[in-house]
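Let's walk through this structure together. Please have the sequence and the 3D view open as you read.

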There are 2 protein chains.
Amino acid sequence: MTKFGFYVAVVGATGAVGTQMIKVLQDRDFPIKQLTLLSSSRSAGKKIQFKEETIVVQEAKPESFEGVDIALFSAGGSVSKQLAHEAVKRGAVVIDNTSAFRMDPDVPLVVPEVNEEDLKNHKGIISNPNCSTIQMVVALEPIRQKYGLNRVIVSTYQAVSGAGAQAVDELYRQTKDVLEGNEVRPEILPVKSDKKHYQIAFNAVPQIDVFQENGFTFEEMKMINETKKIMHLPNLQVSATCVRIPVETGHSESVYFEVEKENVEVTEIKQLLSTSPGVVLQDDTREQLYPLATTAVGQDGVFVGRIRKDLDEDKGFHMWVVSDNLLKGAALNSVQIAESLIKLGLVRK
Amino acid sequence: MTKFGFYVAVVGATGAVGTQMIKVLQDRDFPIKQLTLLSSSRSAGKKIQFKEETIVVQEAKPESFEGVDIALFSAGGSVSKQLAHEAVKRGAVVIDNTSAFRMDPDVPLVVPEVNEEDLKNHKGIISNPNCSTIQMVVALEPIRQKYGLNRVIVSTYQAVSGAGAQAVDELYRQTKDVLEGNEVRPEILPVKSDKKHYQIAFNAVPQIDVFQENGFTFEEMKMINETKKIMHLPNLQVSATCVRIPVETGHSESVYFEVEKENVEVTEIKQLLSTSPGVVLQDDTREQLYPLATTAVGQDGVFVGRIRKDLDEDKGFHMWVVSDNLLKGAALNSVQIAESLIKLGLVRK
């Protein structure tokens, strides 16, 4: 804790993302005067170490937000819907890592490297985008700025930790069962609340979140709609196929995009991305250098490689984008939003 | 063995695909008078059961093909380059499952459901396409026939068995090492002969085969060039991103395609594919029905699902295509080629 700092609350403090939020707040030396850790009644009472202090996790209630300046929510959409406005009512700025408010026109949806300025319109709640959206827009935004952007087609290779700690347990339990020749009994993935569950170990499951009437999943629609909102491109052609694969942490994405400008060369794009905020270029096919989930995990950056021009379409390019879905995809981006709010003087002090 | 049948040889009989070829020949009751199993000197002497007979594997030599009518090759490109012409010289028809002759204009590249007629132009060697290409063209051909086809963008989720038995061993060894907290030591994947090796367990590796000057891998170029050749569409816009994931068997593909015709509806495409040769439609999002590697393994079909129209492009559609890469992707397609040759009277008898 620092003498001059903010009253910060983390809601969902014992979950996969909450745990990372606490770690990111500590690692970045976020100016905290007091840290309140909140959870469901089930996890209340747990003790979590933060710097030199041991903090007891409390059950999240409306009163928990009295005096809180910044509340980081990551406890599921229903908790956010129930408590975010309570926190705002008490003067807190809410940074919400669920899909509850993302498409609300009154709620800025922010990736600081892309649209930090949107924070200025906040009315108490700011949404943190979906993990798979964040890493893609960080890579696309510098390209949009310099060459324009007409079209995006993405296929994802998403890690299991995006579905929470229970899903990670299931991945390892199933993996062990396959190695030992035991029967695999899927219970959580692809969607815990959905009717059917499928094996994730040694498999690729083309369903993340529930299906919509149009045949796309909600995860795919999140990528489509959130990308348009964050990049301020309502008419951008975006489509997504979202797939879960047996990786613990680190989302990978095969991204095809078309720029507006003609005759853009791959070397220019590499040069541009090598100095773009949040991006780490890993692209040297002679040295077999390209992003991998195993090397991205635990890192802050959005790793981009395998950039190449489409063989038929002059304005079309392909790239491979990898990032830690719990960090830049969730906890880190939320804390970066809080840092931007402070920098822009948008939190009470 | 049958009284009226062919003299058949399998080259690479002890490998991952060779083993499947022998099984497919048996399961489909292929008319065999005598089966010769060939391998490198290292595997010669092994005994393999075929129906009621125990066959001793012999070292493949030019003389091995004396009297052979049909030779199925799957022992790597260098073996095919060395021995395929020797087999042809002795009167055999060679069905080659390596990339050695695929792009040779004198060699038909055949998927029987798509271009069986091309077999009529054979000069002794017929190539079996790359596994990831076969399943995609089986799904695309009925669409091309009915609606025309302008463009394909595919991202693959490829199984480790496509890289051979050693790679499968490596996947399971690494998986065990990760579960037990041991250090992972990659030695085979992504490409055994390449400089660097990366972990495949709990990872997604965007390199299959070696890189070309244009930034695409050889696997990606195979998908691009073979698709054009098989479908007789030299000007088709095709691009591919090929990725290895920790699945033992069963390639999955996220395929975006654009048809020529306007106003095609998803229901029409589903109707069409439900009766297309080689295709099994698995597409009912209300019932969470879609193709999966774990359900496709051991099956003959090309499974297609998640068919949906692009949200912006009337002529654009997305689908998910899964097949057993050792069966339809390799052994089964090779045996089907042999069956087509017999049907068309293109093997000596």
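## A residue at the contact

Leaving aside neighbours within four places in sequence, B:Thr175 is in contact (heavy atoms within 4.5 Å) with A:Thr175, A:Leu179, A:Phe202, B:Ala201 and B:Phe202. B:Thr175 lies in helix H5 of chain B; helices (H or I, at least four residues) and strands (E, at least two) are DSSP runs, numbered from the N terminus. At 2% relative accessibility, B:Thr175 counts as buried, a word that means under 20% relative accessible area, with exposed over 50% and partly exposed in between (1.4 Å probe, protein chains only).

A word on the model: it is predicted, so local features need pLDDT of at least 70 and side-chain atom pairs count only at pLDDT 80 or more, while totals for chains, interfaces and linings use all residues. Residues are numbered from 1 along each chain as its sequence is written, chains are lettered from A and ligands numbered from 1 in the order in which they are written, and side-chain values use heavy atoms, leaving out hydrogens and water.

## The interface

Chain A and chain B each bring 65 residues to the contact. Together they bury about 5600 Å², 55% of it on carbon and sulfur atoms; buried area is the accessible area (1.4 Å probe) that two parts lose on being put together, summed over both.

The rule finds 14 salt bridges across this interface, each a side-chain nitrogen of Lys or Arg within 4 Å of a carboxyl oxygen of Asp or Glu. Among the elements of chain B that each supply at least two residues to the side touching chain A are strand S9 (149–157), helix H5 (165–179) and strand S13 (302–309).

## Salt bridges

Over all chains the structure holds 52 salt bridges. In one of them, the side chains of A:Glu220 and B:Arg308 meet at 3.8 Å, N to O. A:Glu220 sits in helix H6 (residues 218–230) of chain A and B:Arg308 in strand S13 of chain B, so the pair joins two chains. A:Glu220 is buried at 0%, and B:Arg308 is buried at 1%.

Within chain B, B:Lys270 forms a salt bridge with B:Asp283, with the closest N and O atoms 3.5 Å apart. B:Lys270 is partly exposed at 25%, whereas B:Asp283 is buried at 11%.

## Cysteines

How many disulfides does a search of the whole structure find? The count over all chains is zero, a disulfide being a pair of cysteine sulfur atoms within 2.5 Å. For A:Cys131, the nearest cysteine sulfur is that of A:Cys242, 8.9 Å away. A:Cys131 is buried at 13%, and A:Cys242 is buried at 0%.
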